[in-house]
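Welcome, and take a moment to look over the sequence and the fold.

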Amino acid sequence: MTPEPALDRPPESSTPAELTLLTGDPANGGSCVAHHEGRVVFVRYALPGERVRVRVTADRGSYWHAEVLEVLEPAPERTGSLCPIAGVDGAGCCDLAFATPEAARSLKARVVANQLERLGGYRWSGEAEAVADGGPTGWRTRVRLDVGADRRPGFHRYHSDDLVTDLRCAQLPAGMLAGLGEAGWPAGAQLHVVVDDAGARHVVRTLRQGRRTVTDVVEGDYEAVQRVGARTWRVPVTAFWQAHRGAAGVYSDLVAEWAQPQAGMTAWDLYGGAGVFAAALGEAVGESGRVLSVDTSRASTRAARAALADLPQVDVVTDSVRRALAAPRAAAADVAVLDPPRAGAGREVVDLLAAAGVPRVVHIGCEAASFARDIGLYLGHGYTVAQLRVFDAFPLTHHAECVALLTRQAMR
């Protein structure tokens, strides 16, 4: 079950302010499902099987949203919060910080399985895997802070413009935000902070002024050093790179394994970003092959061209995936790798892939519902899910990363 965001309608006068509920299955988005007099209630900060006292925060007509005020009967998997600033009335950063890491991974697997069956028509049973050793805290290497009217940076509360200016989020390694919490930043600015693979900290401030965005380097450089295997990238601090310190390497290795690129093949790297997957594909297909890497971000594609300059077989294009796939192609792809944003690839892109006759697809998704919908679209075109793995790439949160290998007999 996927609740809609509780953004637009506060509780009505007839809605009870507080309830005592017994929670059931986890829902996509970090809530658990409960019921009150036949109405569904999505309860945040709860685990399945708990009796909780809740505050109703939004009335959506057919269902309500609520958050836990008191845990009357806790689940065995509940633990003391691993994040000192998260929770009810706190920051929205670590919405599963009260669950043991093992329980959090189990919840994520259940949610993904539910979404795949409901939205994709595909049954999957498996577990969510840790991306790397080291535990659930201190894994994040990139973060963005917003600056409030008091000129102090902070994290947003859940679905709110309000900021929490206590910066001790447990996702961050010790010292990552040291010295940045004092007042004095321009109101409305954003601070982009990266601790890169060379161990250096970079702080870049952006501020919208009219129609333009002013960017200033506060500390370090505008570009951060990122490494996967023996290859080095210089990626703008404001551009996309995997937040978990181990994720880029793990996904790159998996893509190389599942894509099965060989010399002379043609591969498509769609939503390619800085070209991490294009690097693995390009090295495998060799100069007799071809890799097309497509992304809309100019900053990311510039980083890709610089990092992959020694691979002439890789063509980096700054464009939308839809337009790139709709353009005439000299040769169809033997394999395609997709890593779309949270909204997923969608029907038009999957239709274009299927029409191009791509026999092998590695599809990555960071949102369970959109990933499941995309899987259903592939199945509708005759693809088969050959393998599927779920990674706990965002510990302490409800988010997970899903990767599927889809195959279909090549069109002749």
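Which residues does Gln-242 touch, not counting residues up to four places away in sequence? They are Thr-141, Ala-247, Ala-248, Tyr-251 and Asp-339, where contact means heavy atoms within 4.5 Å.

Before going on, a word on the model: it is predicted, so local features need pLDDT of at least 70 and side-chain atom pairs count only at pLDDT 80 or more, while totals for chains, interfaces and linings use all residues. Residues are numbered from 1 along each chain as its sequence is written, and side-chain values use heavy atoms, with hydrogens and water left out.

**The listed binding site**

UniProt, in an unreviewed entry, lists Gln-242, Tyr-271, Asp-295 and Asp-339 under "binding site". Such positions are given in the numbering used here, feature names are shortened, and annotations may be inferred rather than shown by experiment. Gln-242 lies in the loop between β14 and α2, and Asp-339 is found in the loop between β18 and α6 (346-355). Helices (H or I, at least four residues) and strands (E, at least two) are DSSP runs, numbered from the N terminus. Leaving out residues up to four places away in sequence, Asp-339 touches Gln-242, Leu-270, Tyr-271, Phe-277, Ile-364 and Glu-401.

| Residue | Relative accessible area | State |
|---|---|---|
| Gln-242 | 10% | buried |
| Asp-339 | 16% | buried |
| Phe-42 | 2% | buried |
| Tyr-63 | 12% | buried |

**The nonpolar cores**

A nonpolar core is a set of buried Ala, Val, Leu, Ile, Met, Phe, Trp, Tyr and Cys residues joined through side-chain atoms within 4.5 Å. The largest one has 41 residues, and Trp-233, Trp-241, Leu-308 and Val-362 have the most contacts inside it. Elements giving it two or more residues include β14 (231-236), α2 (247-259), α3 (276-285) and β21 (401-407). The largest share, seven residues, comes from α2. A second, separate core of 40 residues includes Leu-116, Trp-124, Ala-354 and Ala-372.

Helix α3 is mostly covered, with eight of its ten residues buried; Phe-277 and Leu-281 are among them. After α3 comes Gly-286, whose phi is positive, near 70 degrees.

**A six-stranded sheet**

Strands of a sheet pair through backbone hydrogen bonds, either parallel or antiparallel. In this model, six strands form an open sheet with antiparallel pairing, in the order β9-β8-β7-β10-β11-β12; two strands pair if DSSP finds at least two bridges between them. At the edges are β9 (163-164) and β12 (212-219), each pairing on one side only. Two bridges join β7 (residues 142-147) to β8 (residues 153-156), and Val-147 has Pro-153 as its bridge partner in β8.

**Aromatic rings**

How many aromatic pairs does a search of the whole structure find? There are five. Rings of Phe, Tyr and Trp (its six-membered ring) pair if their centres lie within 6.5 Å; planes under 30 degrees apart count as stacked, over 60 as edge-to-face and the rest as tilted. Phe-42 and Tyr-63 form an edge-to-face pair, 5.3 Å centre to centre, with 90 degrees between the planes. This pair links distant parts of the chain, with Phe-42 in β3 (residues 39-44) and Tyr-63 in β5 (residues 63-73), 21 residues apart.

Note on methods:
Buried < 20%, exposed > 50% of the residue type's maximum accessible area, 1.4 Å probe, protein only.
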